Amino acid sequence: MPQPRAVVRPVSHARWRAQLLIVLGLSLGQSAVYSVVQLIDKATQAPLSQGTSTLNRSLNAREYFDLTYQLLDIVFALVPVALALYFVWDAVARTSGGRVEWTAPFRRLGLDLARPGRDWLWGGGLFLAIGVPSLGLYWAGRALGITTAIIPSGLDQHWWTVPVLIVSAMRHAVLEEVIVVAFMLGWLRRLGWAVPAAVAASALLRGSYHLYQGIGPFVGNAVMGLVFALVYRKYGRVMPLVIAHALLDITAFVGFSLVGRTIGLG
């Protein structure tokens with residue numbers, strides 16, 4: 001007997017739009033809205049140059065409760081990434097009409113270890129290319145009075161502080177690059193957006209959720225987002241961006257924690 005043919009179910013633009021808005025509303029789109037409000041709040045109280053933005057705040061006065069809250073915060077912050085990966089898996093299943101392995105979304109976005117050498121080469125290059133200009137933009141913003149003082153770590157010194165900061169940096173890297181670059185660009189293209197418009201939207205969103213730090217970080221992160229989106233379009237893998245972002249944040253978070261200096265990477 002002939003096997004029945006798999007049925008490929010068409011998906012409307014309304015479905016893609018709803019999925020994108022849900023993921024952004026649960027993650028970095030929500031952060032962008034809060035960031036705008038925080039910027040207005042800070043700017044209407046005092047000049048931005050007198051403000052402070054503290055990353056990785058302590059969440060409890062007691063050491064092990066603080067550790068517990070930090071780890072829970074990291075885990076639950078990655079749930080929108082899991083949702084985005086599920087939507088990618090569902091999209092692959094609908095278009096292929098067959099059985100799809102759970103690893104399919106990781107392969108589709110390039111969030112795997114298939115090309116470690118090239119990924120680290122691109123990631124390290126982006127880290128070096130973005131890191132020094134980011135510091136320059138931060139100090140320029142401070143000099144112009146449009147950037148708050150950024151404190152990358154507000155955690156007390158415990159035995160677990162550095163490991164948690166490293167894991168937190170990796171969390172930010174995965175969350176931002178998977179959602180704002182890989183998922184957002186893919187879904188905007190499904191909705192019919194032209195490549196330049198999708199890249200610009202991704203870059204502006206990245207800058208927007210850094211607005212609580214001031215105008216300088218908005219500009220710097222928007223430029224970083226533009227570069228990262230173009231690299232993703234060319235290379236087709238998100239892993240180099242995750243590596244570069246993780247290296248940037250680990251340098252900022254751990255470097256500040258160890259030497260106690262305010263450095264300007266977020």
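Predicted model: local features only at pLDDT ≥ 70, side-chain atom pairs only at ≥ 80, totals over all residues.
Residues are numbered from 1 along each chain as its sequence is written, and side-chain values use heavy atoms, with hydrogens and water left out.

Start with confidence. pLDDT is the predictor's confidence in each residue, from 0 to 100. The protein chain averages 91, and 93% of the residues score at least 70. Residues 1–8 fall below 50, and this stretch has 6 contacts beyond near neighbours in sequence. A contact means heavy atoms within 4.5 Å. Residues 261–266 also stay under 50 in pLDDT, and there the model has 26 contacts beyond four places in sequence.

Now the helices. Helices are DSSP runs (H or I, at least four residues), numbered from the N terminus. An unreviewed UniProt entry lists "transmembrane region" for residues 20–40, 67–89, 120–140, 215–232 and 239–259. Such annotations may be inferred rather than shown by experiment; feature names are shortened, and positions are in the numbering used here. Take residues 67–89: the chain there is 96% helix and 0% strand (strands are E runs of at least two). The end C-alpha atoms of that span are 33 Å apart. Residues 120–140 are 100% helix, with end C-alpha atoms 30 Å apart.

Next comes α7, residues 161–190. Its 30 residues reach 42 Å from first C-alpha to last, close to the expected 44 Å. That expected span is 1.5 Å times one less than the number of residues. α7 bends by about 35° at methionine 184. The bend is the angle between axes fitted to the seven residues ending there and the seven starting there. Just after α7, glycine 192 takes a positive phi of about 95°.

Where is serine 27 found? Serine 27 is in the loop between α1 (13–26) and α2 (28–43). Serine 27 counts as buried because its relative accessibility is 6%, and buried means under 20% relative accessible area (1.4 Å probe, protein chains only). Leaving aside residues up to four places away in sequence, serine 27 touches Pro80, Leu175 and Ile179.

Finally, the cores. A nonpolar core is a set of buried Ala, Val, Leu, Ile, Met, Phe, Trp, Tyr and Cys residues joined through side-chain atoms within 4.5 Å. The largest has 51 residues. α7 gives the most to this core, with 12 residues. Apart from it lies another core, of 15 residues, including Ala149 and Tyr212.

Technical notes: Buried < 20%, exposed > 50% of the residue type's maximum accessible area, 1.4 Å probe, protein only.
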